[in-house]
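Subject: Structure for you to look at

Hello,

Below is the structure I said I would pass on.

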Amino acid sequence: MHWRTCASIIAAMLALAAVLRPAGRDVAVRLNCAGATQCPAGFHGVLLVSKAGIRKDIRSANNDATFSGIDNTYTQVMAFRTGYKPAYEKDVVWKGASDPLRLNFENRVRLNIRIWVICPDSKGDCDKPLTAKREAQLKRFVTKANAVLDSETVGIQLAEAGGVLISDNATTRSAASTYAKFKIDQCSAFATWATKAQGVTWLPEVVNIYLVSTVRAKPGNGINCSRGVPQLIVVGAGTTWGTILHEVGHSLSLQDLPNPDVAWDGDQLDNFMRSESRQRKYFTEGEIYRIYQNDVSFLKGVDPPNFYCGSSDADADKQDPPCPKLQERVWPER
Amino acid sequence: MARALAAVLAVGLAMAAGCGRRVNAIELAKDWLMRTCTVGERAGLDDEIRANAAVIELLFIDAFTKGPSDDERREVIQSVEHVWTLMQLQVAEPEVYNLSQAEIDAMKSISLSEEKTWELELFEYNYRAAALAGLGITGGPAGKNLLASTAADSDSPFNSVATEALASNASRQR
């Protein structure tokens, strides 16, 4: 056969193969809860991630999430529901709808916190004890934060480290008053000071929260001074629970919003990572993905960090595996 | 009413004086008053405030004197109600949210009316304190006068914040 004829036949076959190549297959994801075959009532949200984009499905519990047209580029699955840690798998090999991918929701992750009282008075009188009202507000922080974290399917439960939420013996340490009116450039010195006295002003494996009079002259401000381990958050005496949760978000690798390098549909004011807001309500599933996958997140604590979704949409696309966009939501904000 | 009109007029005149600037002074002031995270992406906020100090100082004085607007207070209340609603949903279906009895009890112990009162108190206090802290950046005579009189008032819950703002302004000018 003439070489030109051969080449034509091969070209035609390749073209035909391209046309006939399936665009993707029907697949299913089946979810169990904490090893049980049946989950409590509720809904599961499932996110499939590929470089080409994302697919999502919401199903009532104990029904498979199904997708059509899924090719092998969809290598990651993350699933969300209230009351449990998100389920995640990467390097997924799909087998088809009749042989669903099986994932398990584990119980919520306990994130231990401790509040250390350095100066509980917004007027700077550090000898004053924490008032009963302020103590009650700080305890409610945990209750309200957990209500949001659960409802938002973040899968984290804030817990009292060692069964104690508030330690007020930090005020007696020498030089504590140096940090009562916290300046923006004091993080490094503060970290050195605080971590010298384990059990008095810090605990390892814990998100340490310090109550001072003001942060940068504002009693309502917070600042996250963490650089990997240890985790140190400093908050003013008038800080609201929403600001404390925002700062915990930083410990979990989330950055402040707005971010000019990140697209966002809708109102960012409602997001917990907005740095100026009085109406924080939500976390996105894109943020939850980062909380669990970014090596710099306190939950992972991989040092030196290897995997990081970056701070822009462009960074998110470039990662291997790719990250969903920060604003990605499975459920519309409620 | 006359005082409110005068304040609006003063702000309007000051803004007209600086209308060549592209930056929206009201947005900058709002950003400062609402910002509760110290390390944000807008590290240049102080510089922008200083560059618009004449206008923003009036806004900060107004913010300290009057406190937050009714709309801003309403948003705080709505946020409290949102979380309250979440807690009620969770208490009604604790198995869906995988809650322990301790969590259920903690949620049940919170009163909505007390929550509204406490959150509003904190918000208003922080808002007015932030206005004073902002006057430490703008550093104009009217702002300094307000800071000095507040710092000298030992009964004011803001005297310490005013003292700190004055000190921070003085250190900037050195």
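A residue counts as buried if 20 or more other C-beta atoms lie within 10 Å of its own, as exposed if 12 or fewer do, and as partly exposed in between; the C-beta atoms are placed from the backbone. By that rule, the buried residues of H5(B) are B:Val76, B:Ser79, B:Val80, B:Val83, B:Leu86, B:Met87 and B:Gln90.

The model is predicted: local features need pLDDT of at least 70 and side-chain atom pairs count only at pLDDT 80 or more, while totals for chains, interfaces and linings use all residues. Residues are numbered from 1 along each chain as its sequence is written, and chains are lettered from A and ligands numbered from 1 in the order in which they are written.

Back to H5(B). Its 23 residues should span 33 Å at 1.5 Å a residue, and its end C-alpha atoms are 32 Å apart, which agrees. (The expected span is 1.5 Å times one less than the number of residues.) The cover over its buried residues includes helix H2 (132–151) of chain A, together with H6 and H7 of chain B.

Where the chains meet, 44 residues of chain B are in contact with 46 residues of chain A. Contact means that the C-beta atoms of two residues, placed from the backbone, lie within 7 Å. Several helices of chain B each supply at least two residues to this side, including H5 (70–92) and H7 (112–138). The side of chain B that touches chain A has 22 nonpolar, 13 polar and nine charged residues. Here Ala, Val, Leu, Ile, Met, Phe, Trp, Tyr, Cys and Pro count as nonpolar, Asp, Glu, Lys and Arg as charged, and the others, Gly among them, as polar.

Now chain A. It has six helices and 16 strands, and buried residues make up 47% of its 334 residues. It is divided into domain 1 (3–107) and domain 2 (109–251), with bounds from an automatic or database domain assignment. The C-alpha centres of these two domains lie 42 Å apart. Their contact takes eight residues from domain 1 and five residues from domain 2.

Next, the strands. Two strands pair if DSSP finds at least two bridges between them. In chain A, four strands form an open sheet in the order S4-S1-S8-S6, with mixed pairing. Its edge strands are S4 (65–70) and S6 (84–85), each of which pairs on one side only. Strands S1 (25–33) and S8 (101–107) of chain A are parallel and share five bridges; one of the residue pairs is A:Arg30 with A:Arg102.

How many of the five residues of strand S16 (231–235) of chain A are buried? Five are, so this strand is largely enclosed by the rest of the structure. On one side are A:Gln231, A:Ile233 and A:Val235, and on the other A:Leu232 and A:Val234.

Regards
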